[in-house]
Amino acid sequence: MTVDRLDLTAMGIRTVRLFRSVCDAEHAQWEATHIFATAPNSLDGKWFALRREDAVEWGRWFFSKSGVRHDRIIAVSVPENLYDRFGPNYQKLDGIGPACFAPIQLLEGIVFEEVME
């Protein structure tokens, strides 16, 4: 059973569950803040998978390319009206699965609760 710490659906807010594969450093930053942030010399946003198994596969793909483990998965529920502003969206990003790009300016200042799975 999946339980959200902050149940937005109970407040009548429709949500979309997203998954992000991260390295230990990004996971530590997430644990401390529950805010998605960018690092210097990185993209100005975050890619999210729409399925957990795809996030796991991207983690394996990142490891094969960089040698850095990306085996931590952060799952969040995003209000649907925020998700609708994300883009681009791909049905098969990197040949793996559906994904969306969230520009960092849409994520700034939003504290997300991790979805417990």
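Mentor: A salt bridge is a side-chain nitrogen of Lys or Arg within 4 Å of a carboxyl oxygen of Asp or Glu. The model before us is predicted, so local features need pLDDT of at least 70 and side-chain atom pairs count only at pLDDT 80 or more, whereas totals for chains, interfaces and linings use all residues. Residues are numbered from 1 along each chain as its sequence is written, and side-chain values use heavy atoms, with hydrogens and water left out.

Trainee: What makes the pair Asp71 and Arg69 a salt bridge?

Mentor: The N to O distance between the side chains of Asp71 and Arg69 is 2.1 Å, which is within the limit of 4 Å, and therefore the pair qualifies. The search of the whole structure finds 8 salt bridges, and another joins Arg51 to Glu53, whose closest N and O atoms are 3.7 Å apart.

Trainee: Why is Glu53 called exposed, and why is Arg51 called partly exposed?

Mentor: Buried means under 20% relative accessible area, exposed means over 50%, and partly exposed is in between, with a 1.4 Å probe and protein chains only. Glu53 has 51% relative accessibility and therefore counts as exposed, whereas Arg51, at 36%, counts as partly exposed. By the same rule Arg69, at 53%, is exposed, and Asp71, at 41%, is partly exposed.

Trainee: How do you know that Glu26 and Lys46 link distant parts of the chain?

Mentor: Their side chains meet in a salt bridge at 3.3 Å, N to O. Glu26 sits in helix α1 (residues 24-33) and Lys46 in strand β3 (residues 45-49), 20 residues apart, where helices (H or I, at least four residues) and strands (E, at least two) are DSSP runs numbered from the N terminus. Both Glu26 and Lys46 are buried, and together with Arg20 they are linked in a network of salt bridges.

Trainee: Why is His70 called buried?

Mentor: His70 has 17% relative accessibility, and therefore it counts as buried. The residue lies in the loop between α2 (52-66) and β4. Leaving aside neighbours within four places in sequence, His70 is in contact (heavy atoms within 4.5 Å) with Ser21, Val22, Cys23, Gly59 and Phe62. A polar atom of the side chain of His70 also lies 3.0 Å from the backbone oxygen of Val68.

Trainee: What makes a set of residues a nonpolar core, and which residues have the most contacts inside the largest one?

Mentor: A nonpolar core is a set of buried Ala, Val, Leu, Ile, Met, Phe, Trp, Tyr and Cys residues joined through side-chain atoms within 4.5 Å. The largest has 18 residues, and those with the most contacts inside it are Leu18, Phe36, Val76, Val78, Phe86, Leu107 and Phe112. At least two residues of this core come from each of β2 (15-22), β4 (72-79), α3 (80-83), β6 (97-103) and α4 (104-107). Apart from it lies another core, of 10 residues, among them Ala49, Leu93, Ala99 and Val115. In soluble globular proteins, nonpolar side chains tend to be buried together.

Trainee: What does Val76 touch, not counting residues up to four places away in sequence?

Mentor: Val76 touches Val16, Arg17, Leu18, Trp30, Phe36, Phe112, Glu113 and Val115.

Trainee: How many helices and strands does the protein have, and which share of its residues is buried?

Mentor: There are 4 helices and 7 strands, and from the N terminus on the elements run β-β-α-β-α-β-α-β-β-α-β. Buried residues make up 40% of the 117 residues.

Note on methods:
A polar contact is a pair of N or O atoms within 3.5 Å; within protein, one must be able to donate a hydrogen and the other to accept it, and residues adjacent in sequence count only if both atoms are side-chain atoms.
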